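This report is meant to be read beside the sequence and the 3D structure. Please keep both at hand while going through the sections.

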Amino acid sequence: MATSEIKSTPSPSGMAHQHSRQDRVENSDPLSTTTRRKKLGIYFAESDERRTSIGGGYVGGTTPVNIRGKPITDLSKTGGWIAAFFIFGNEMAERMAYFGLSVNMVAFMFYVMHRPFTSSANAVNNFLGISQASSVLGGFLADAYLGRYWTIAIFATIYLAGLTGITLCATIKTLTPDQTNCDQISLLLGSCEQAKSWQMAYLYVFLYITGFGAAGIRPCVSSFGADQFDERSKNYKTLLDRFFNFFYLSVTVGAIVAFTMVVYIQMKHGWASAFGSLAIAMGISNLVFFVGTPLYRHRLPGGSPLTRVAQVLVAAARKRNAPFSSSDYVGLYELPGKRSAIKGSEKITHTDDFRCLDKAALQLKEDGGNPSPWRLCTVTQVEEVKILIKLLPVTACTIMLSLILTEFLTLSVQQAYTLNTHMGQLKLPVTCMPVFPGLSIFLILSLYYSTFVPLSRRLTGHPHGASQLQRVGIGLAVSILSVAWAGVFERYRRKYAIKHGYEVIFLLPMPGLSAYWLLIQYCLIGIAEVFCIVGLLEFLYQEAPDAMRSIGSAYAAVAGGLGCFAATILNNIVDSATGNVKEGQPSWLSQNINSGRFDYLYWLLTAMSVINFFVFLYCAQKYKYRARPGLQTEPSLENIPEEVRKPDQAES
């Protein structure tokens with residue numbers, strides 16, 4: 001809530017005079033004392049003498065600079081959609097490589113490295129999880145030291161090195177076990193020659209190098225693309241909304257290519273050609289990214305965000321017992337005017353959330369003229385920490401969607417192996433089935449502005465059809481429908497298999513049951529992704545502190561990684577809790593899908609999703625969008641209190 005009234009104190013004596021005047025007011029009016037203590041923003045104090053380890057004050061912290069860190073004199077020659085399209089190309093290739101590995105690596109480990117299907121799926125889930133969860137490292141480096149451009153450049157090169165190593169693994173026979181006399185039956189019986197430990201170690205090393213490269217790129221690309229648009233323009237909100245939709249469209253196109261063209265190359269020309277095509281695409285995208293360098297707008301890195309967070313926590317702990325009514329109290333500390341002590345950041349309006357953290361900005365007489373930042377922090381620095389905390393609950397609620405997506409990536413492919421994948425005379429490979437969520441995403445994004453926005457605008461009155469949090473909520477609601485339908489269809493598919501004598505021969509397709517019934521759950525999860533992930537990315541970019549936007553974007557990637565880990569953990573728990581090897585009782589996740597109970601797992605996920613959805617509604621209802629000077633903010637999902645709208649309490 002923006003209720004700040006900044007009062008300047010140019011000298012210590014002036015601050016003492018202000019404090020004395022406040023004492024007289026408080027003593028004469030107890031009710032006024034209570035009110036003002038609730039609105040801590042009225043206690044702001046300013047000083048021109050503030051010097052921290054981070055540096056001095058910075059004017060226009062979000063002002064774009066060129067690659068040398070100098071202000072751009074003519075913005076018309078940089079940024080905008082032209083620069084963004086170079087970034088879209090890089091993201092398209094990176095996602096193509098990422099999804100190409102995720103859909104093919106399970107099969108590669110099973111058919112070439114001769115690993116059990118379950119352990120192969122878990123290994124790939126862990127790869128996906130680590131790759132996404134470690135994105136916070138890339139966000140940290142970008143915000144703290146390197147900037148988003150150099151972080152993308154460095155980690156894209158690492159990404160290319162990892163893909164090259166994987167291509168060599170599929171090319172050089174020494175790096176894989178002997179394939180002689182290893183047919184389909186031998187694979188199912190586990191009698192093929194197992195990969196040696198050093199061969200698996202080689203594959204894992206380059207697989208995780210690839211994941212490390214993706215982790216550095218992912219949190220920076222969307223933020224770097226959004227940086228190309230001017231926050232001061234009148235249609236900034238519209239441009240940003242369209243950018244994130246186009247950004248996710250490029251992600252989708254990369255996924256579609258991975259699920260079709262790369263799968264086709266693998267079937268016709270082998271694993272080496274498939275993985276090699278990913279490496280070539282990544283190399284071309286890196287070249288395109290560097291070609292666009294003169295057009296890019298950059299934002300200055302603001303120094304270590306983790307250090308700033310630690311300073312706030314330490315300073316607040318030191319002054320935890322200091323009351324705001326103390327006789328030594330001067331005010332809440334902030335720099336004067338528009339300046340901020342944090343490079344790359346504008347000042348942030350004080351809020352009354354997490355008041356315990358305001359103790360870090362509590363200036364006492366004993367602090368002196370030049371206190372340590374580990375003892376006294378600016379209000380902007382404190383508000384950074386508050387924002388990071390406030391973003392956590394909403395982001396955490398999207399972990400459930402990632403968990404469902406991860407389960408679909410493996411379980412629905414197993415379902416497809418038992419179904420008829422013919423479309424007329426054309427037979428689609430099972431590994432192509434995940435392309436349908438991508439196609440549904442492509443269709444929805446194409447119709448988003450012509451269909452959804454006008455219809456929803458009539459219902460909500462929102463200029464963009466729905467607020468960012470409303471879009472996330474719509475996505476989570478649709479994901480419930482998707483996983484519920486998956487449970488219904490799997491129950492029908494299993495009964496059909498048992499009735500027609502396919503219970504044992506679970507890898508033989510059933511001609512009478514089409515795999516295209518899976519399209520319903522695929523299309524629904526695609527719609528869920530469009531609303532939830534795109535809304536979340538835009539939400540995190542706009543709400544995150546100016547100097548922490550890469551870390552803000554990393555929140556979404558970390559949530560995705562935690563969803564992958566959660567899928568592995570859930571599968572292990574379900575497998576051990578529902579199966580009994582001694583008694584011959586198969587688990588829900590039995591390798592023989594017809595004797596397992598995938599439908600029970602889907603319904604368990606449905607119940608978990610419903611609970612998660614109501615938790616999200618509570619968090620969204622409580623969330624207040626960040627007030628940004630000069631920008632139109634999103635309306636909160638809760639009713640705005642009348643006193644907040646009073647002119648005398650507007651932000652100064």
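The model is a predicted one, and the values given here are computed from it.

**Salt bridges**

Side chains of opposite charge can pair when their charged atoms come close. A search of the whole structure finds 14 salt bridges, and the table gives three of them with the separation between nitrogen and oxygen.

| Pair | N to O distance |
|---|---|
| Arg95 and Glu94 | 2.8 Å |
| Arg471 and Asp241 | 3.1 Å |
| Glu383 and Lys386 | 3.0 Å |

Arg471 and Asp241 are both buried.

Glu383 and Lys386, by contrast, lie together in helix H11 (residues 379–396), where they are 3 residues apart, or about one turn of the helix. Both Glu383 and Lys386 are buried. Elsewhere, salt bridges that share partners join Glu91, Glu94 and Arg95 into one network.

Are the two partners Arg95 and Glu94 buried or exposed? Arg95 has a relative accessible area of 7% and is therefore buried, and Glu94, at 0% relative accessibility, counts as buried too.

**Helix H10**

Helix H10 has 14 residues and reaches 20 Å from its first C-alpha to its last, which is close to the 20 Å expected at 1.5 Å a residue. Its buried residues are Pro305, Arg308, Val309, Gln311, Val312, Ala315 and Ala316. Seen down the axis of H10, these buried residues fall within an arc of 155°, so they line one face of the helix. The face turned away from that buried side carries the exposed residues Leu306 and Arg318.

The loop between helix H9 (271–291) and helix H10 (305–318) holds Arg299. Arg299 has a relative accessible area of 11%, and because this is under 20% the residue is classed as buried. The side chain of Arg299 reaches the backbone oxygen of Asp227 at 3.3 Å.

**Other buried positions**

Ser587 is placed in the loop between helix H16 (549–578) and helix H17 (598–622). With a relative accessibility of 8%, Ser587 counts as buried, and its side chain makes a polar contact with the side chain of Asp575 at 2.5 Å.

Val262 is part of helix H8, which covers residues 236–269. The relative accessible area of Val262 is 1%, so this residue is buried. The C-alpha atoms of Val262 and Phe275 are separated by 8.1 Å, while the two residues are 13 residues apart along the chain.

Ala142 sits in helix H5 (residues 135–171) and, at 3% relative accessibility, counts as buried. Between the C-alpha atoms of Ala142 and Pro219 there is a separation of 8.9 Å, although these residues are 77 residues apart along the chain.

Which residues form the nonpolar patch on the surface? Ile67, Tyr145, Leu146, Trp150 and Ile154 form this patch, and together they have about 460 Å² of accessible area. One of its members, Ile67, is found in the loop between strand E2 (44–46) and helix H3 (80–111).

Note on methods:
Residues numbered from 1 in each chain as written. Predicted model: local features only at pLDDT ≥ 70, side-chain atom pairs only at ≥ 80, totals over all residues. Heavy atoms only, no water. Helix = DSSP H or I, 4+ residues; strand = E, 2+ residues; numbered from the N terminus. Buried < 20%, exposed > 50% of the residue type's maximum accessible area, 1.4 Å probe, protein only. Polar contact = N/O pair within 3.5 Å; in protein donor to acceptor, adjacent residues only side chain to side chain. Patch = residues over 30% accessible without salt bridge, like charges linked within 9 Å, V, L, I, M, F, W, Y side chains within 5 Å. Areas by Shrake-Rupley, 256 points an atom, 1.4 Å probe, with all protein chains shown as cover. Salt bridge = Lys/Arg side-chain N within 4 Å of Asp/Glu carboxyl O. Expected span 1.5 Å × (residues − 1). Arc of directions from axis to C-beta.
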